[in-house]
Amino acid sequence: MLISIPARPYPYSLDPQHTALVVIDMQRDFIEPGGFGDSLGNDVRRLEAIVPATAALIDLFRRQGWPIVHTREAHQPDLSDCPPAKRARGKPGLRIGDEGSMGRILIAGEPGNQIVDALAPREGEIVIDKPGKGMFHATGINERLRETGITHLVFAGVTTEVCVQTSMREANDRGYECLLVEDATESYFPAFKAATIEMIVAQGGIVGWVATLSALVHAVA
Ligand code: C5J
């Protein structure tokens, strides 16, 4: 039976047999003081603040036995999966692959590339390293989700306007019914988060739906 979640622009029909949670890039380098995000001058406390809500969302999915996908923005150590154009965008000295305070920036296996302890993936959950901003580029995740019959994706993570929005748009284009949990996503720039939410729900939900964590929890309970 479908579960109706109060959401914008209108209630979201969650299909309990076919829904997965996607937690985007809750990695130390974006979230923790002293990491890559911090070194770029961002206020990481904004992102740290959503860790408890994201943990509660993960806990909800674990209790229901629904699948969970964790992503990390991560490149191979030899940068073979990092287009020069992507690398060139960074600040000199703090580009992808350069040495940061938590190891090489956005490189798989480095300390800063690990998901924060409070949200650590558990055995049986899917973890993907994505070389793009979106979760579908060069990851094979579409095939894995399709194999398990997933048609609905609930999104959380950072940053709202970059990797979360890109992933949600990619998912929407592939036919998934997408819901963003607004208190389990954040940006270094409050205006960007607010604008992204408005873009998603505009025109009758052109990219999907947005709901609060409590709306989801109460509807599922
Ligand atoms: C993410 C970024 N995860 N902003 N990355 O949003 O570069």
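The following paragraphs consider a helix and its surroundings, and then the backbone at several loop positions.

The model is predicted. Helix α7 spans residues 160-173, and its buried residues are Thr-160, Glu-161, Cys-163, Val-164, Gln-165, Ser-167, Met-168 and Ala-171. Against which elements do the buried residues of α7 pack? Their partners are the strands β3 (19-24), β4 (68-73), β8 (152-158) and β9 (177-186), together with helix α8 (190-205).

Thr-159 lies in the loop between β8 and α7, and the peptide bond that joins Val-158 to Thr-159 is cis, with omega about -20°. Just after α7, Gly-175 adopts a positive phi of about 95°.

Most peptide bonds are trans, and most residues other than glycine have a negative phi. A cis bond also links Arg-8 to Pro-9, where omega is near 5°. Pro-9 belongs to the loop between β1 (3-5) and β2 (12-14).

Asp-25 is situated in the loop between β3 and α1 (28-31), whereas Ala-138 is situated in the loop between β7 (126-130) and α6 (141-147). Are these positions buried or exposed? Asp-25 counts as buried because it has 26 C-beta neighbours inside 10 Å, and the threshold for burial is 20 or more. Ala-138 is exposed because 12 other C-beta atoms lie within 10 Å, and a residue with 12 or fewer is classed as exposed.

Notes: Residues numbered from 1 in each chain as written. Predicted model: local features only at pLDDT ≥ 70, side-chain atom pairs only at ≥ 80, totals over all residues. Helix = DSSP H or I, 4+ residues; strand = E, 2+ residues; numbered from the N terminus. Contact = placed C-beta atoms within 7 Å.
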